[in-house]
Amino acid sequence: MHYKSESPHQQQYPPIKTQTMVNHSLSFLCFLSFLSFAVFLFAFTSAELCHPQDKAALLQIKQDFGNPRTLKTWTPETDCCADWFLVSCNNTNNRVYFLKVLYSHHVTGFISPAIGDLTYLTILAFSKLPKVTGTIPQSITKLTNLEFLDISYTGISGTIPEFLFEMNSLTTLILSGNKFTGPLPTSPNLLNLDLDLNNNLFTGTIPAIYASFKGVSVAGNKLTGTVPKGNDFTFDLSKVKYSVIFQEIEIQKNKIYGTIPTSFTKITGLRVFNVSYNNLCGKIPVGGNLQSFDTSVYFHNKCLCGAPLPAC
């Protein structure tokens, strides 16, 4: 039997390099894994935290403030919870709970009614914004979680809105340094409210209900009449502008500080006076009727001195 021998010219194939193929396969699988992880990471990190309702409200507030450069980080393309200045979000639900816009001459316009759409706010401050005018929008009463409200030293005017006193969640209300006019609200119902109404244009008397507040400051207005005594009124007496037609000033047993104004010497018709049990300091001005009262009306202050008390 004859067997056909292999031709010497028949093509020879090199042996398969199994290990090299395995290594290439592993490398390719690693690359695919890395690519999948990168895609997942990008998708995870690019997911926006800012709630659409909060973002829309903030962008409207920015627009109504005249699109100031103070709020230049507030853009539709960025995340209000991660990239925006002056805003903070709750870590649990990613809702905006903190908003403070302060110290800017670039902020103009008015407080947007869209503020009422930030329903998770607990702290809100628009302060030292002298070019902001108009009034406080009633939509702010939709902020049922708001505890701290500071709208101070702006150009906001008109009468103080009664609806602010219907916000039962408020514990601190600062409205100092604005252009509010008219009488103080007569029916506030927030008994535990810290209330700062300093340096406005209020007229009239201080309602007796204010005696129930946790702390009230009304210095620097054009108020007349007597201050309800025996409360926790806290203000700088040296900045108070009393009418020269006053006949009675009884502000004992409060937390009033500062000095007795020299303008008190011009109240020539003053017949009742008592500033005892406060935190007043300095020399009692000489003149008017201030030296005619008994020393007891000056007792229990921080460091009052001068006639009728002992010399300084």
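1. Pro308 sits in the segment that follows strand S16 (303-305). In this predicted model, the peptide bond between Ala307 and Pro308 is cis, with omega at about 10 degrees. Most peptide bonds are trans.

2. Tyr103 has a positive phi of about 50 degrees, though it is not a glycine. Its place is the loop between strand S2 (96-102) and strand S3 (123-129). Tyr103 counts as exposed because its relative accessibility is 62%, and the cut-off for exposed is over 50%.

3. Tyr277 also has a positive phi, near 60 degrees, and is a residue other than glycine. The loop between strand S14 (272-274) and strand S15 (279-283) holds Tyr277. With a relative accessible area of 42%, Tyr277 is partly exposed.

4. Asp79 lies in the loop between helix H2 (52-64) and strand S1 (87-89). Asp79 is buried but has no salt bridge. Lys55, the nearest side chain of opposite charge, is 6.5 Å away. A salt bridge needs the charged atoms within 4 Å. A polar atom of the Asp79 side chain does lie 2.9 Å from the backbone nitrogen of Cys81. Beyond its neighbours within four places in sequence, Asp79 contacts Ala47, Glu48, Leu49, Cys50 and Trp84.

5. Now the sheet. Four strands make an open, parallel sheet in the order S5-S7-S9-S11. Strand S5 (157-159) and strand S11 (222-223) are at the edges with a single partner strand each, so one side of each has no neighbour in the sheet. S5 pairs with strand S7 (residues 179-182) in the parallel sense, over three bridges. Thr159 stands opposite Thr181 in S7.

Definitions and conventions
Residues numbered from 1 in each chain as written. Predicted model: local features only at pLDDT ≥ 70, side-chain atom pairs only at ≥ 80, totals over all residues. Heavy atoms only, no water. Helix = DSSP H or I, 4+ residues; strand = E, 2+ residues; numbered from the N terminus. Buried < 20%, exposed > 50% of the residue type's maximum accessible area, 1.4 Å probe, protein only. Lys, Arg positive; Asp, Glu negative; His and termini not counted. Polar contact = N/O pair within 3.5 Å; in protein donor to acceptor, adjacent residues only side chain to side chain. Contact = heavy atoms within 4.5 Å. Pairing = 2+ DSSP bridges.
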